[in-house]
Amino acid sequence: MRSRPRALFAVACALVAVIAPSVALAHDGRYAESGNFLHALGVWSVDAPGLALVLIVGGLYAWGYYRLRRDSPNFHFPRWHGWCFFAGWVFMLLGLMSPIDTYSDDLFWVHMVQHVFITMLVAPLMLLGAPATLALRSASSRIRTSYLVPFLNSRLVRFLTWPPAAIIIYIASVWSWHWPDAYDAAIASEAVHFVEHGVFLFGAVLLWWMVIGVDATRLRPHHVWRCALLVVAILQNIGLGVILINVGDAIYDTYATAAAVREWGPTALIDQRIGAGIMWVPGSMMFALAVIMTVYFWAEREGFKDRRNDVVRDMQIRVHGEIPTLGPRPGEQ
């Protein structure tokens, strides 16, 4: 048991030793000066607000997981929940501190990769970690009854998890921040950029909660409506991508200026079209995969119901004999 913490500490020290020489403040643009791939891989940044958020939320989850294992060891909470949540925050750190973040100010398509990480990887993986269930089971009875349960049953949560509201909020979060003025403002200010990422994550969490959330709730819609939500998400994704691809000029001044002064990389218009393609193809593929998985689990659920009915009928036959079927009596037409 003692060797495991030492090994983790050694790995952490090794990562710090590799990353520390290239660390810079986020969004200062000093290191995004080369198009060399190997050079880009060694350029990392520090997003202080994002790092603080990840550490706080991740620490709370780890603390809740420890309390659950300590106080309710027989409660069924598979370990894959914790691994999914951990993987989600790893992708968040990669999006906020890796070369993806450093080059997101210079290349639109890199910034789009960052957004895909947040909306298509971080949000669903975080929900697969069953955070609501963990919070309810690990919190004290006073916190649970006074704060968590009233909040989860509040009108606000019911409204936000109403399927039409969830999909509208998600679409609004995506389209509003891709308006040129809002997008350029997010690039120019780290605080606005942090708000932008928060809005993206919030909208994505609402949508994915409707589709794949594993926490027990009465508010999740039927599989038919989950598929409908995903189809709408795919269509809006394609619509925004088509607009950005077919527009005749680069619509984001920040990236047009960056393309004009650098000596490497694509033009601003090509960069914009590549980013739109990333939004269109990988983003839509994630939603399409979710549709397939939703249909699969829907079929599994219906199959389980049929098997359960067959078992119940078999038990009734064994106890009461053959169950008569409804039909015409003998001699009746």
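Reader: With which side chain does the side chain of histidine 111 make a polar contact, and at what distance?

Author: In this predicted model, histidine 111 has its place in helix 6, and among the residues that histidine 111 touches, leaving aside those up to four places away in sequence, are Glu196, His197 and Tyr255. The polar contact of its side chain is made with the side chain of histidine 193, at 2.9 Å.

Reader: Is histidine 111 buried or exposed?

Author: A residue counts as buried when its relative accessible area is under 20%. For histidine 111 the relative accessible area is 0%, and therefore histidine 111 is buried.

Reader: Which residues of helix 11 are buried, and which helices are among those that cover them?

Author: Helix 11 spans residues 180-188, and its buried residues are Ala182, Tyr183, Asp184, Ala186 and Ile187. Two of these, Tyr183 and Ile187, are also touched by histidine 111. The cover over the buried residues of helix 11 includes helix 6, helix 10, helix 12 and helix 14.

Reader: Which residues does the cluster of ring pairs link?

Author: Tyr183 is one of the buried residues of helix 11, and its ring also belongs to a cluster that is held together by ring pairs. The residues linked in this cluster are Phe108, Tyr183, Tyr252 and Tyr255.

Reader: Which residues does phenylalanine 287 touch?

Author: Phenylalanine 287 is one of the core residues that touch the most other members. If residues up to four places away in sequence are not counted, the residues that phenylalanine 287 touches are Met120, Tyr170, Leu207, Trp208, Leu230, Ala233 and Ile234.

Reader: How do the rings of tryptophan 83 and phenylalanine 86 lie to each other, and are these residues buried or exposed?

Author: Tryptophan 83 and phenylalanine 86 are three residues apart in helix 4, so about one helical turn separates them. Their ring centres are 6.1 Å apart and their planes stand at 85 degrees, an arrangement that is edge-to-face. Both tryptophan 83 and phenylalanine 86 are exposed.

Reader: What arrangement do the rings of phenylalanine 85 and tryptophan 89 have, and are these residues buried or exposed?

Author: Phenylalanine 85 and tryptophan 89 are four residues apart in helix 4, and so they are separated by about one helical turn. With centres 5.8 Å apart and planes at 65 degrees, the pair is edge-to-face, because an angle over 60 degrees counts as such. Phenylalanine 85 and tryptophan 89 are both buried.

Reader: Over which ring does the charged end of arginine 137 sit, and at what distance from its centre?

Author: Arginine 137 is touched by serine 72, which has its place in the loop between helix 3 and helix 4. The charged end of arginine 137 sits over the ring of phenylalanine 75, and its distance from the ring centre is 4.1 Å.

Reader: How many disulfides does the structure hold?

Author: A disulfide is a covalent bond between the sulfur atoms of two cysteines. Cysteine 84 counts as buried at 16% relative accessibility, and cysteine 227 counts as buried at 12%. The number of disulfides in the structure is zero.

Terms used:
Residues numbered from 1 in each chain as written. Predicted model: local features only at pLDDT ≥ 70, side-chain atom pairs only at ≥ 80, totals over all residues. Heavy atoms only, no water. Core = buried A, V, L, I, M, F, W, Y, C linked by side-chain atoms within 4.5 Å. Buried < 20%, exposed > 50% of the residue type's maximum accessible area, 1.4 Å probe, protein only. Contact = heavy atoms within 4.5 Å. Helix = DSSP H or I, 4+ residues; strand = E, 2+ residues; numbered from the N terminus. Phe/Tyr/Trp six-rings, centres within 6.5 Å; stacked < 30°, edge-to-face > 60°. Lys NZ or Arg CZ within 6 Å of the ring centre and 35° of its normal. Disulfide = S-S within 2.5 Å. Polar contact = N/O pair within 3.5 Å; in protein donor to acceptor, adjacent residues only side chain to side chain.
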